[in-house]
Amino acid sequence: MAGKSNKMVELDWIRGLSALLIVLYHYTARYQEVIGHIIEYPITISWGCSAVNVFFFLTGFLTAHTMNQRITPPIFLRKRITRLYPTYWVCIIITTIVTTFFFKLYAPSSSTVLINVTMFQGFLGVRNVDGVYWTLQYELHFYIFVLAVLFLKGNKYSNLRLLSLIWLSIAMLLAGLLTLHFSDCGHITILIGKAIMLKYCPPFIGGVLVHSLKQQKSDFWAYLGLAICFVVSFLVQPFDYFLAFVAVSFLVLILSLRKSDFNALLKQIFIPFSFLAKISYPLFLLHQYIGWTIIYYMEHKYNMIGEIWVFIPIIFVIFLAGIIHFYVEQPLLKIFKRDK
């Protein structure tokens, strides 16, 4: 963000908590669905997957923030490539090694790995090296949209807001037609739905619009657009995803409009979530298959059964993600700043 005075530290807390919820979802509910615990956990975080909408929302919100800065298409592209790809490549290598030697059921072929390196496997219909990579397709889709906005003349922030509202209007029209059964799921409908990212555009656009309200509290079109985002999300997403999107929208909006900062004690309490936020990208990329490998061996080889043992893979993937953050992400960020 622009500076410490303008930084919303609460966004880190939200991101960190969301990352932890997704990890818990994959280690409890998702593992049970796909592989099956020897003894099913009595407590699962089956709704933790909805935190994906939180990440999409924060992407929209923070991207809108960058549009207020002097950013050009080459700078935006370079920042995204530097931020996304090196860490992603390292995580692909680690996951491939772990699954190849310890969990062959999920070991990818060499061709799958090579296509995954591009990060465009979702667009090409190719299997992900790790199942959680499915979200990257939607992140890239949104970034391609933002890159197109940056090539337009005029105020880049206004362009983003306007084109986001147009995008949302198309999504609302298509969602309404599908809900009222005025349109079947033919090839054209499917293509339009994919092109406008119908199922996941609401949180991205919602993030942009909440940031607009942070800048100007009386922005009527932003309020209207956000309400339409909620309607589209309700029509096309699972209910828990919709709830997560609505909750984070109101929370970030309230935090954006507050006049006083949180006290030092509260910041100290939330330090763990701030740390998880810092390592959230490698943590997200690494946690599922590597964590599943650990859980499988714990249960089948060492009889470590029960949800109490889930802390072991959690600690391991956090440690691994921390190493990648401090020795891959941060050095590259310093190089980028130095070369600007």
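Predicted model: local features only at pLDDT ≥ 70, side-chain atom pairs only at ≥ 80, totals over all residues.
Residues are numbered from 1 along each chain as its sequence is written, and side-chain values use heavy atoms, with hydrogens and water left out.

**His 211**
- His 211 sits in helix α9 (residues 201–215); helices here are DSSP runs of H or I, at least four residues, numbered from the N terminus.
- With 1% relative accessibility, His 211 counts as buried (under 20% relative accessible area; exposed is over 50%, partly exposed in between; 1.4 Å probe, protein chains only).
- Its side chain makes a polar contact with the side chain of Tyr 157 at 3.1 Å (a pair of N or O atoms within 3.5 Å, where one must be able to donate a hydrogen and the other to accept it; residues adjacent in sequence count only if both atoms are side-chain atoms).
- Setting aside neighbours within four places in sequence, His 211 is in contact (heavy atoms within 4.5 Å) with residues including Phe 61, His 65 and Asn 68.

**Phe 142**
- Beyond neighbours within four places in sequence, Phe 142 is in contact with Thr 59, Gly 60, Thr 63, Trp 167, Met 197, Phe 204 and Val 208.

**Helix α10**
- Phe 234 is found in helix α10.
- Phe 234 is partly exposed, its relative accessible area being 48%.

Technical notes. Helix = DSSP H or I, 4+ residues; strand = E, 2+ residues; numbered from the N terminus.
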